[in-house]
Amino acid sequence: MSTAPNRRAVAVILLVPLMVTLALWAFAWPAARIAPRDLPVGVAGAAPAAQQLEQRFEQRGGAFEVHRYDDEAAARTAIEDRVVYGAVVATPQGPHLLTASAASPVVSQLLREAVTASVPKDTPVEVTDVVAAPPGDPRGSALGASVLPLALAGMAAGAVVTLTGLRGARGALTLLAAAALVGLAATAVTHSWLGVITGDWWTEAGALALTVLAIGSAVAGLGALFGSRGIGLGALLMVLLGNSFSGVTSAPQLLPEPVGAIGQWLPPGAGGSLLRSVAFFDGSAAGGAVWTLSLWSALGLAAVLLARRAPEPVEPTPAAPAREPVLTG
């Protein structure tokens with residue numbers, strides 16, 4: 001009896017628990033270790049009250065990266081430019097907390113709790129949401145949930161290009177067209193229908209399309225280089241690691257190190273950061289994400305353009321029937 005079926009069965013039995021363990025590690029571990037790590041926050045106001053606030057943040061053992069500003073106006077500008085997630089302004093009436101729930105509702109709540117716990121019990125803390133999350137998505141749930149569909153759309157586009165053998169300009173144009181259509185459709189749903197993003201419509205469509213293009217090009221490029229195994233590698237990078245390490249549902253600085261940094265170098269994380277910038281902050285701090293997505297897109301498209309088309313099987317030509325010898329006499 002052949003042992004090949006038995007070997008395949010054993011491989012499946014071992015592979016399924018391994019994949020489940022890997023998925024649990026990628027998704028559950030970062031979620032279970034959410035905490036501030038060098039989270040950028042601002043402190044403004046006159047000394048010595050501002051210095052006391054700064055010292056209280058620094059006493060948290062590397063949880064916060066404190067930026068000092070002269071006044072409330074400068075702190076507001078830093079929040080709007082996405083330099084810091086929030087700021088505390090020292091005033092004669094007590095601390096005034098400036099937040100940006102559009103940047104991260106989780107961080108906004110964390111800052112409220114941290115500032116409230118650092119002042120005497122009866123001290124009032126005024127809170128102002130400088131850049132508020134849209135009414136259609138006050139907790140940021142819809143924005144966070146949009147990363148996985150974008151990853152799946154890019155994954156599907158790259159896999160189809162690979163499995164159908166599209167190479168060269170035809171494969172590249174297919175990826176570009178698919179990404180553009182997904183960007184338009186996704187913006188129509190998230191902006192026009194659900195109202196969970198509120199920036200410039202066409203800029204948002206471009207950000208979404210660039211995200212899908214980066215993912216699809218990466219998968220197709222890996223497929224062009226490694227065949228069907230490249231699709232599996234693309235799924236690991238873009239769907240499993242890219243989605244779970246993106247930090248879109250919380251913030252990259254809340255994830256365990258170096259997960260947050262790795263996530264921003266993968267297209268899902270960079271795409272989520274870019275979408276947040278163009279949707280709520282007029283494109284502030286979008287440069288790094290644009291470069292990351294453009295680099296993935298360029299490398300993937302280059303692999304698709306330069307890869308040779310797989311040779312098509314040649315049907316054997318039927319042999320000509322043998323001719324009977326002609327007898328001469």
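Modeller: Val20 lies in helix α1, which covers residues 4-32. Keep in mind that this is a predicted model.

Biologist: Is Val20 buried, exposed or partly exposed, and why?

Modeller: Partly exposed, because its relative accessible area is 45%, and that class runs between 20% and 50%. Val20 also belongs to a nonpolar surface patch together with Val12, Val16 and Leu24. The accessible area of the four together is about 350 Å².

Biologist: How do I read a pocket?

Modeller: Rolling a probe the size of a water molecule over the atoms shows where empty space is left. In this structure, the largest pocket holds about 680 Å³ of space.

Biologist: Which residues lie nearest the centre of the largest pocket?

Modeller: Tyr85, Pro252, Gln253, Gln264 and Ser273, out of 33 lining residues. Helices α10 (259-265), α11 (267-280) and α12 (287-306) each give two or more residues to this lining. The most come from α11, with five residues. Sorted by class, the lining of the largest pocket has 17 nonpolar, eleven polar and five charged residues.

Biologist: What about the second largest pocket?

Modeller: The second largest pocket has about 220 Å³ of space. It is lined by 16 residues, and Asn243, Ser244, Ser246, Gly247 and Thr249 are the closest to its centre. Two or more lining residues come from each of α1, α5 (141-145), α6 (147-163) and α9 (228-244).

Biologist: Which element gives the most to the lining of the second largest pocket?

Modeller: Helix α1, with three residues. By class, the lining of the second largest pocket has nine nonpolar, seven polar and no charged residues.

Methods
Residues numbered from 1 in each chain as written. Predicted model: local features only at pLDDT ≥ 70, side-chain atom pairs only at ≥ 80, totals over all residues. Heavy atoms only, no water. Patch = residues over 30% accessible without salt bridge, like charges linked within 9 Å, V, L, I, M, F, W, Y side chains within 5 Å. Areas by Shrake-Rupley, 256 points an atom, 1.4 Å probe, with all protein chains shown as cover. Salt bridge = Lys/Arg side-chain N within 4 Å of Asp/Glu carboxyl O. Helix = DSSP H or I, 4+ residues; strand = E, 2+ residues; numbered from the N terminus. Buried < 20%, exposed > 50% of the residue type's maximum accessible area, 1.4 Å probe, protein only. 1 Å grid on protein atoms, 1.4 Å probe; cavity = no way out; pocket = protein on both sides within 12 Å on 5 of 7 lines; lining within 4 Å. Points joined across faces, edges and corners; volume = space filled by probe spheres on them. Nonpolar A, V, L, I, M, F, W, Y, C, P; charged D, E, K, R; others polar.
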